[in-house]
Amino acid sequence: MTATDDERIQGLWDAMARGWAEGDAHSFAAVFAEECDFTTVRGEKPPGRAGIAAGHDQLFRTVYRSTRLDARVQSIRYPRPDLATVNVESTVVASDGTSLAHTHALAVVERDAAAGADGAWRITAFHNMIPAPRPATPPASEN
């Protein structure tokens, strides 16, 4: 719950973005706990870190080849000193600078309890989504 904790948590997304830019799914997935509860934008639930790496390996070899991830941590909240919730907005950017996808994620991040107060933070739950566009006009009220 210090500035250092905020920096370490931000560092998870920095490492994720580096792995993405390198097309390295294992590096991308390294920030997730071994048994992370991960939900993709399509509602899929790959099994843990290995599933996250496998899914992203496929993405990095196909539709998101040669792209980068611009991840922006919006907020970090600490319900406990060893637990944080993190809201993140991200954009997948093509090599020509075109935005391919905008996402929003809510993550649960935990400090490695075995390592004490200086332990590494890992993402233990991650729910990713593509925000729906807002309607042009508000829906009519039902009375």
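This is a predicted model: local features need pLDDT of at least 70, side-chain atom pairs count only at pLDDT 80 or more; totals for chains, interfaces and linings use all residues.
1. Helix α1. Helix α1 covers residues 3-21, which is 19 residues. Buried residues in α1 are D5, I9, L12, W13, A15, M16, A17, G19 and W20. Just after the helix, G23 has a positive phi of about 65°.

2. The largest pocket. This pocket holds about 390 Å³ of space. Its lining is made up of 25 residues, and those nearest the centre are W20, V41, H56, L59 and N128. W20 is also among the buried residues of α1.

3. What supplies the lining. At least two lining residues come from each of α1, β1 (32-39), α3 (48-61), β3 (83-93), β4 (99-111) and β5 (121-129). Helix α3 contributes the most, with five residues. Sorted by class, the lining has 16 nonpolar residues, seven polar and two charged.

4. Salt bridges between elements. The whole structure contains seven salt bridges. One of them pairs E34 with R49, with 3.1 Å between the closest N and O atoms. Because E34 is in strand β1 and R49 in helix α3, this pair ties together parts that are 15 residues apart in sequence. Both partners are partly exposed: E34 has a relative accessible area of 45%, and R49 has one of 24%. A salt bridge also joins the side chains of K45 and D37, at 2.8 Å from N to O. D37 is partly exposed, with a relative accessible area of 43%.

5. D57 and R61 form a salt bridge whose closest N and O atoms are 3.0 Å apart. The two residues both lie in helix α3, four residues apart, or about one turn of the helix. An α-helix has 3.6 residues a turn, so residues three or four places apart point the same way. D57 counts as partly exposed at 30% relative accessibility, and R61 is partly exposed with a relative accessible area of 48%.

6. A136. This residue sits in the segment after β5. Its relative accessibility is 84%, so A136 counts as exposed, the cut-off being over 50%. From A136 to R8 the separation is 128 residues in sequence and 40 Å in space, taken C-alpha to C-alpha.

Note on methods: Residues are numbered from 1 along each chain as its sequence is written. Side-chain values use heavy atoms; hydrogens and water are left out. The expected span of a helix is 1.5 Å times one less than its number of residues. Buried means under 20% relative accessible area, exposed over 50%, partly exposed in between (1.4 Å probe, protein chains only). On a 1 Å grid over the protein atoms alone, a cavity is a set of points where a 1.4 Å probe fits but cannot get out, and a pocket is an open set with protein on both sides within 12 Å along at least five of seven lines; lining residues have an atom within 4 Å of a point. Grid points are joined across faces, edges and corners, and a volume is the space filled by probe spheres set on the points. Ala, Val, Leu, Ile, Met, Phe, Trp, Tyr, Cys and Pro count as nonpolar, Asp, Glu, Lys and Arg as charged, and the others, Gly among them, as polar. A salt bridge is a side-chain nitrogen of Lys or Arg within 4 Å of a carboxyl oxygen of Asp or Glu.
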